[in-house]
Amino acid sequence: MLVKDHRDIHRQFNAIFEREGLDRIDERLSILEAFLSTETHLTAVELTRILKEKSVSLSEDFVAENLILFSRYGFAQEKKFRGQVPRYEHRHLGKHHDHLVCVRCGAILEFYSPEIEALQTGLARRMEFHDLQHKMEIYGLCANCVRKREPTIPLTMASPGERVRIIGFMGGKGMERRLTGMGLNRGADVEVIKSSGPGPLIVASGGTRIALGYGMAKNILVSMTQTTN
Ligand SMILES: [Zn+2]
Ligand SMILES: [Zn+2]
Ligand SMILES: [Zn+2]
């Protein structure tokens, strides 16, 4: 079924290449072939590496250009997940799915839930909205990353969106006094708003945002709390 699908795509694309008057058709077809032989969400760099393993040496730029071309003609779909370079996946007509994205290792898991799909359609209809398409992306930590992580980490290692509980302090009594003076007490639950990039780390505690320099934040030890929503 899948093979027949792909052969058909191959033929359709060959016709498009010719109509567009494109050169290097054999090379483009080998990129398409390699792309169709995978079932993941690939970056141009990853696809270039896969081609190289098949002894097809092409530049990253040329591979990237073709992935954009495949997307333009509806054979691939570009996915821009937050904090990642563009990735491409097959576009099998009529087969919809949504994604779980790990913010730590970049793993992407696919899911399809008829219940969620029905809820979304129902909701749109109740709001008299004619829905055409949607994407659902759930950002978080994959099972692997959760397993690998220490039970207690410095606040600076928590990810944005995470709710953590303060379980202790480092840096002596003076540091602890400064932090508790800001409302960051042992046992308090905080939500990490921003944990990387320039500027301070931002956490929310009891409805207030607190800005912390990296030097201070690394002295706060936290544990993961169960997400309740
Ligand atoms: Zn969906
Ligand atoms: Zn992960
Ligand atoms: Zn996907």
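**Exercise 1. Work out which residues of helix 7 (residues 172-181) are buried, and on which side they sit.**

Step 1. Helix 7 buries Met 175, Glu 176 and Leu 179. Here buried means under 20% relative accessible area and exposed over 50%, with partly exposed in between (1.4 Å probe, protein chains only). Helices (H or I, at least four residues) and strands (E, at least two) are DSSP runs, numbered from the N terminus.

Before going on, a word on the source: this is a predicted model, where local features need pLDDT of at least 70, side-chain atom pairs count only at pLDDT 80 or more, and totals for chains, interfaces and linings use all residues. Residues are numbered from 1 along each chain as its sequence is written, chains are lettered from A and ligands numbered from 1 in the order in which they are written, and side-chain values use heavy atoms, leaving out hydrogens and water.

Step 2. Now for the packing partners: the buried residues of helix 7 pack against strand 7 (163-169), strand 10 (208-212), helix 8 (214-217) and strand 11 (220-224). Contact means heavy atoms within 4.5 Å.

**Exercise 2. Find what coordinates the zinc ion (ligand 1).**

Step 1. Donors are N, O and S atoms within 2.8 Å of the metal (3.2 Å for Na, K and Ca); water is not among the atoms, so sites may look incomplete.

Step 2. Check the angles: the four donor atoms subtend 93 to 130 degrees, so the arrangement is tetrahedral. For four donors, that label needs all angles between 85 and 135 degrees.

Step 3. Along the sequence, the donor spacing reads H-x1-D-x18-E-x16-H. Asp 98 belongs to strand 3 (residues 98-102) and His 134 to the loop between helix 5 (114-126) and strand 5 (137-140), so this pair ties together parts 36 residues apart in sequence.

Step 4. Compare burial: Asp 98 is buried because its relative accessibility is 1%, while His 134, at 29% relative accessible area, is partly exposed.

Key. Tetrahedral: all angles 85-135°; square planar, octahedral: opposite > 155°, others 65-115°.
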